[in-house]
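Below is a short report on one protein chain.

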Amino acid sequence: MDELNHPSVPITTDDIPDELPILPIVDTNLFPKMVLPLVLIRKEAIDLIDDAMSGNRMLGLLLSKRSDIDSRHTADDLCRIGTVAVILKMSKMEDEKAQLLIQGLNRFKVLEYQENRDYMHADISVLESRNNERNKENRALMANIVEQYEKIVALSPGLPAEISQMVKTLQEPSALADMVASTINAPVNEKQKVLELIDVNRRLKKVTRLVNDQLDILEMGSKIQNQVREDMDKRQREYYLRQQLKTIKEELGETDQEAIEIREYRTLIRDNPMPAEAAKEAQRELERLAKMHPSSSEYVVSSTYLDWLTALPWNAYTENELDIARARKILDQDHYGLEKPKKRILEFLAVRKLKKDAKGPILCFAGPPGTGKTSLGQSIARALGREFVRIALGGIKDEAEIRGHRRTYVGAMPGRIIQHLRTAGKKNPVFMLDEIDKVSASYHGDPSSALLEVLDPEQNRNFVDHYLDVPFDLSDVMFLTTANVLHTIPSPLRDRMEILELTGYTQEEKLKIATRYIIPKQREANGINSGQIKITPGAIKQIISGYTKESGLRNLERQIAAICRGVAAKIAEHQVENPTIGRKEIPEYLGPIQHMPEMATRINVPGVAMGLAWTPVGGEVLFVEAVAMKGGKKGLTLTGQLGDIMKESASTALSFIRSNADRLAVDETFFDTHDIHIHVPEGAIPKDGPSAGVTMLTTLASLITKRKVKSRLAMTGEITLRGEVLPVGGIKDKVIAGHRAGIRSVILPLWNKKDMEDVPEHIKSTMTFYFTDKMKDVIHKALEQKK
């Protein structure tokens, strides 16, 4: 940083030239004999200072009527009267700025601005003060100003006490007026008026008015400050007196005047029997609340906490109605089929009846959507006569949703477990944790880890919600869970549950459910009585096979609801009275058939086979197609959005056929001269899993041997390079899907023979099943013999 200082020879008023460079200043004033620091950032102003420093170091300061410091000022923007100043010191900084220390010499007036200059220049006239003698009136004004100024310094922390002593030493009226005007906190335009007054007597009177105004403002601010301080002291004094009065009344036993809210909380704590730890915490929080002022924020937090503590069902139970015959009747009324899950539920309830304190396993209903998982929980609650509570866990990523937030957080609340217990009002409701497979971890924590404690009968008797911070016994709650898939549930959590699989419904089961439950429900929902509409069994079967493709019942219910709405519209318009909906009338309400019936008829050429697959929404029929192309350079091509496991199954099948080419009567040169392309239709849907191995094998064998797959035949199973067929899962769903598609024969792994117990008898009686553990047997049973 470069610094330039003034020489030791002083500059006087007589040295002021008739022409000066003009520097505009904003929001400040410079009076004669006063010193002012300035910071310049505009290049034009810095060039002006450089020029002045090379000469007599003098310049004229004029107040700008505009407040923007960065813009260029014109002659019209500036006042006509200003102060001649001399530069005492200049420093240039590294960021192209300049710091100045300047001193005022005298007032001046602009006569005329000069043109064609790099910066503003003006011809000036120096203004000398008039009436500057110490006559009686001026002395009186000076004495008054000094007296008032002392008071201003006393009330202004920013003014040093020494400045009032300095003002007392000034004997010249003009200097006194300028110094006081320069240091008081007055508006810049008012100070400019003082600067423009040449008559000293008028200047003293103007400064007197400014001093009086400033003193009034400071005294008023001081008064307001004292009043606020007194009000605060008064409130604190009242608070302490109130606390002392309360203590005195408690010593005398006079509690009649106790706050109504405090008395209510005390009554609630007394009437709601809590465990010792919870009661102790409630009493402690109540004592804290009684000492708080109702207007404080802590009062609201404490009272909300007591609301939760006193509203929970610490000791409120629902008497169990464990009548097994009644429970069986309710389950049969609410659900058709599902014999295996209903049998396990009745066993579960029977154990609870015989052993009151039994802490049985947590039941998890797993299966495709629309198979009645949630409604089973409602039926259990109705059979027991307990309250039913459902918590949707889908999408929960925050552990605090289960355990709650600590009270230190703004807007803290208990977790969903405690919230729903308060809503239920009983300590032993039936708690349905829906979609437990949709819980996922995030940076907020892992909710499934919190559920480990909730779903463990040995631990949940001391469940601690972070908000309550006291144990709550969950051992009396009957927890049930639902899931569509099991592989997304963490192993420790899955280990705490007993899985009850709810498989899909057959066409006959759907027909009976639609007739008994869905159609009456939708008739009532759409304002139609039983005599105004009739849907024939054939129409229902048409809806099931042509308009729905699911294991559950939701889409079937939507289609029946659409028919009921259409009939209701026609009845309202008097177009029909009591219509009968048959197969022919279905397209009128639902449009053309959406799903191809009798899918099994699509196999009519070599290189096409039909497999059975399992998806989270139930069983599906899967077609696998293969073609051979001359070339032999690309080898095996796979398309249809196949996963890694499915691709490996195709490679395994091809390797088995090549290694057994002589046994299959296949020319070994075929693989050198042909490329093979395998495609699985519905390419927009990702597919994966090992159960397509048998289907891949059959497709390739059919293509290479030019033998078609037998009509209405489907298959499933995993294969190995050794030629073995391994078991797979989801047999019931797969067989039901094949039956729905018109399959009459199914090839299954030998180890899956035990799973046929779950397949309904009417399906087993209409289909032929082949069980094998060898891949060569699969080819023998699946392909037609050569003519």
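Is Glu620 buried or exposed? At 19% relative accessibility, Glu620 counts as buried. The cut-offs are these: buried is under 20% relative accessible area, exposed is over 50%, and partly exposed lies in between (1.4 Å probe, protein chains only).

## Model and confidence

This is a predicted model, in which local features need pLDDT of at least 70, side-chain atom pairs count only at pLDDT 80 or more, and totals for chains, interfaces and linings use all residues. Residues are numbered from 1 along each chain as its sequence is written, and side-chain values use heavy atoms, with hydrogens and water left out.

The mean pLDDT (the predictor's confidence in each residue, from 0 to 100) is 82 for the protein. Of its residues, 93% reach 70 or more. Confidence is lowest in strand 1 (residues 2-5), with a mean of 54. It is highest in strand 24 (residues 745-749), at 92. Helices (H or I, at least four residues) and strands (E, at least two) are DSSP runs, numbered from the N terminus.

Glu620 sits in strand 18 (residues 618-630). Neighbours within four places in sequence aside, Glu620 is in contact (heavy atoms within 4.5 Å) with Lys549, Gly611, Leu612, Ala613, Thr615 and Ala737.

Leu23 belongs to strand 2 (residues 19-25). Leu23 counts as buried because its relative accessibility is 3%. Again setting aside neighbours within four places in sequence, its contacts include Leu38, Leu40, Ala45, Leu48 and Ile49. Leu59, Gly60, Leu61 and Leu62 are also among them. Leu23 and Thr247 are 224 residues apart in sequence, and their C-alpha atoms are 73 Å apart in space.

Asp446 lies in the loop between strand 10 (430-434) and helix 15 (447-454). Its relative accessibility is 27%, so Asp446 counts as partly exposed. Asp446 touches Glu399 and Ala441, not counting residues up to four places away in sequence. Asp446 and Ala140 are 306 residues apart in sequence and 83 Å apart in space, C-alpha to C-alpha.

## Salt bridges

Side chains of opposite charge can pair when their charged atoms come close. The criterion for a salt bridge is a side-chain nitrogen of Lys or Arg within 4 Å of a carboxyl oxygen of Asp or Glu. Across the whole structure, a search finds 29 salt bridges.

One of them joins the side chains of Glu287 and Arg266 (3.7 Å, N to O). Glu287 lies in helix 8 (residues 276-290) and Arg266 in helix 7 (residues 260-271), so the pair ties together parts that are 21 residues apart in sequence. Glu287 counts as partly exposed at 35% relative accessibility. Arg266 also counts as partly exposed, at 27%.

Glu285 forms a salt bridge with Arg288, with the closest N and O atoms 2.7 Å apart. The two are three residues apart in helix 8, so about one helical turn separates them. Glu285 is buried at 1% relative accessibility. Arg288 is partly exposed, with a relative accessible area of 32%.

Arg416 forms a salt bridge with Glu401, the closest N and O atoms being 2.9 Å apart. This pair links distant parts of the chain: Arg416 in helix 14 (residues 416-424) and Glu401 in helix 13 (residues 400-403), 15 residues apart. Salt bridges that share partners also join Glu281, Arg284, Glu285, Arg288 and Arg407 into one network. Arg416 is partly exposed, with 25% relative accessible area. Glu401 counts as partly exposed at 29% relative accessibility.

## The kink in helix 17

Where is the kink in helix 17 centred? Helix 17 (residues 507-525) has a kink of about 50°, centred on Ala514. The bend at a residue is the angle between axes fitted to the seven residues ending there and the seven starting there.

Ala514 is buried, as are Glu509, Lys510, Leu511, Ile513, Ile518, Ile519, Gln522 and Arg523. The buried residues of helix 17 pack against strand 15 (534-535), helix 18 (537-547) and helix 19 (554-572). Just after helix 17, Gly527 takes a positive phi of about 70°.
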